[in-house]
Amino acid sequence: MSQKIRSADGILQVIPLPGHPAILPKAGETNILITSALPYCNNVPHLGNIIGSTLSADVFSRYNRTRNRSTLYICGTDEYGTATETQALKEGITPRELCDKYHVLHKETYEWFDIGFDYFGRTSTPLHTEICQETYKNLGKNGYLEPQSKEQTYCEDCGRFLADRFVEGTCPHCGYEDARGDQCDSCSRTLDAIELIRPRCLVNKSHHVVPRSSTHMYVKLDTLQPQTEAWIKQAAKKGKWSANSVVQTTHSGSNSDVEIIDARMKGGLIPAPLTRDLVWGVPVPELGREDDALMMEKVLYVWYDAPIGYPSITANYTPDWKKWWFNPKDVNLYQFMGKDNVYFHTVYFPSIQIGDGRDWTMLHHLSTTEYLNYEGGKFSKSRNRGVFGPQARETGIPASVWRYYLLSTRPESADAMFSWADCIAANNNVLLNNFGNFVNRVLKFISSQYQGIVPKNPDSDSPGPLSLNDPTDSVFISQVNHLLQDYILLMDSVKLRQGLQTIMSLSQLGNSYLQSSGLNKALMSSDPTRTAQVLSRALNLIYVLSALVEPYMPATADAMLIQLNAPKRAVPEVLSTDILAGHEIGKPAHLFKKIEEGMAEKFREQFGGDEAKVVSTTKSASATGSSKSKSKSKSKKQDPPAPVYTAPSDVKGGV
């Protein structure tokens, strides 16, 4: 097919898509390094985990590529520590076997959601051990490590110390009865297992747990606190961190100030343990000191080694990893996570980096989310409540629709609620009737009325930006340009949900433009010049939309480009004539299909867990009882059919 695309610098996307050969930062340019919180390798993620870190980071990664910025997105499974040992014990396999199993499950889940890491690695690698131990030695060399002997939880029946994830009990701060040994899921306070009231051994809750002394190496966070505080205030202001539990930004006129609100910092940091009495982990290296003997057969604490997973996974991706991680002049680091991980990324790990003494690339912008809940409650793997990992595929709903709905409800400032009814409405009312309708109407008109060739006319727009003084469409062009500027500003500020809303505003503007222009066969007969002009401008708006929607729905963007018969466009600042007269488009096809509203109830039952099964059983019994009074000649009512998605029959404006 013949292509006629404007040729100029900056029009096309030239930065490779995620997963291509290693890309390195360029001196003097904007280079973006992105991480999402490493998922524990002991379970599959649910939708809240996905929107909270990996999917959000993927959107920002793809956006920066559409701006032709050198971008690297790194993630992987967090494999060491007690969470892994505990789950392996439950499943009767070794920690390595467990990690191998769940690493594959995580990777497959993210691939189905079109989450495009440049590299999805793991922390149980030789390079990870090397970098963890090197950093630990630097902390020791710089005087930030000290041994401390403290009481810890010890299981007399197991005959060993119980590290944080092997013990649960009552939180001393809020009274939550199932607090973990390292953190309370109710109040989010970090804990030492010995603080728990009525501690229980997770190997067997009837075991006898007692306090017993053990010596571990601690990092002097109290000594590092002045440097950490100074860095936080500078970094949070410069990087415009999202509101979180560590800092808040106050504004006075054009000035802003950062206040540290974290209770631990306000009360004064205390030395934090860096070692654990475990087998599965990074061995504690020798420091050449007398206390080395006390650290034999211990491993490094998972909250110490996990953040080092970001650079170690990068090292497994490219031998030039230090060009990303020791290059604060040219690289901006963006980190994505749920609110429960904030302390470790803003206080704990930056303190480690400062104590290490090397010129690290440190956190530039922090993007956190609140919690995504499920249909009036919480996701619960133990109760089979909610959609977990591979289950999303079982619904038959495409990954693009999942991505759109999750991102449109991204809990940026408050907890959000997943709803099947809202998910289906988002597909039918927004994606199908707004976005998809605009794209299909324009392409179908060109295909059916012009044999797929963009029409020429004596007054065809010149290649390049459209004039704001256009005699016919100046308002439309101005509105498009204004929304484009909004989109770029929002995305650069990592306001992902609002960025998506702006895209849908643009597609709605496109629909209104077609309506107000009266695009139909009658206009084609009476004013072919105006018809060609409307089609050209609408088509080029679709080309822009393909670039804007790429970060959110990459498969949809690819489908649009196939139908446009055009290469990937970079995000522009203004609407231009890029697809020229005489260009041949591809075959139009619907981007989305209607989901029947009645499927919401079926999905609620399918993913509602044990409670939904009880309700379903009750309903079935009631229905069976009432049916006995009816004619026996009637056939038994069948179960609802499996999900069926029919082509939309109510798309407006088809021509």
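Colleague: What should I know before I start?
Modeller: Residues are numbered from 1 along each chain as its sequence is written, and side-chain values use heavy atoms, with hydrogens and water left out. The model is predicted, so local features need pLDDT of at least 70 and side-chain atom pairs count only at pLDDT 80 or more, while totals for chains, interfaces and linings use all residues.

Colleague: How many cavities of 30 Å³ or more are there?
Modeller: Five. A cavity is a set of points on a 1 Å grid over the protein atoms alone where a 1.4 Å probe fits but cannot get out. Grid points are joined across faces, edges and corners, and a volume is the space filled by probe spheres set on the points.

Colleague: How much space lies in the largest cavity?
Modeller: About 60 Å³.

Colleague: Which residues line the largest cavity?
Modeller: Lys150, Glu151, Gln152, Asp192, His216, Tyr218, Pro273 and Arg276. Lining residues have an atom within 4 Å of a point. By class, two are nonpolar, two polar and four charged. Here Ala, Val, Leu, Ile, Met, Phe, Trp, Tyr, Cys and Pro count as nonpolar, Asp, Glu, Lys and Arg as charged, and the others, Gly among them, as polar.

Colleague: Which strand gives the most to that lining?
Modeller: S4, with three residues. Strand S4 (145-155) and strand S9 (209-219) each supply at least two residues. Strands (E, at least two residues) and helices (H or I, at least four) are DSSP runs, numbered from the N terminus.

Colleague: On to rings. How many aromatic pairs are there?
Modeller: The count is 30. Rings of Phe, Tyr and Trp (its six-membered ring) pair if their centres lie within 6.5 Å; planes under 30 degrees apart count as stacked, over 60 as edge-to-face and the rest as tilted.
Modeller: Phe326 and Trp360 form a tilted pair, 4.5 Å centre to centre with 45° between the planes. Phe326 is in the loop between helix H8 (322-325) and strand S15 (331-338), and Trp360 in the loop between helix H9 (342-356) and strand S16 (363-369), so the pair ties together parts 34 residues apart in sequence.

Colleague: Are Phe326 and Trp360 buried or exposed?
Modeller: Both are buried. Buried means under 20% relative accessible area, exposed over 50%, and partly exposed in between (1.4 Å probe, protein chains only).

Colleague: Why is the pair of Phe418 and Trp420 edge-to-face?
Modeller: Because the planes are at 90°, with the ring centres 4.9 Å apart. Phe418 and Trp420 also belong to one aromatic cluster, whose members include Tyr374, Phe388 and Phe607.

Colleague: Last topic: what is phi of Val494 near?
Modeller: It is near 60°, a positive value in a residue other than glycine. Val494 is in the loop between helix H13 (474-492) and helix H14 (496-517).

How values were computed. 1 Å grid on protein atoms, 1.4 Å probe; cavity = no way out; pocket = protein on both sides within 12 Å on 5 of 7 lines; lining within 4 Å.
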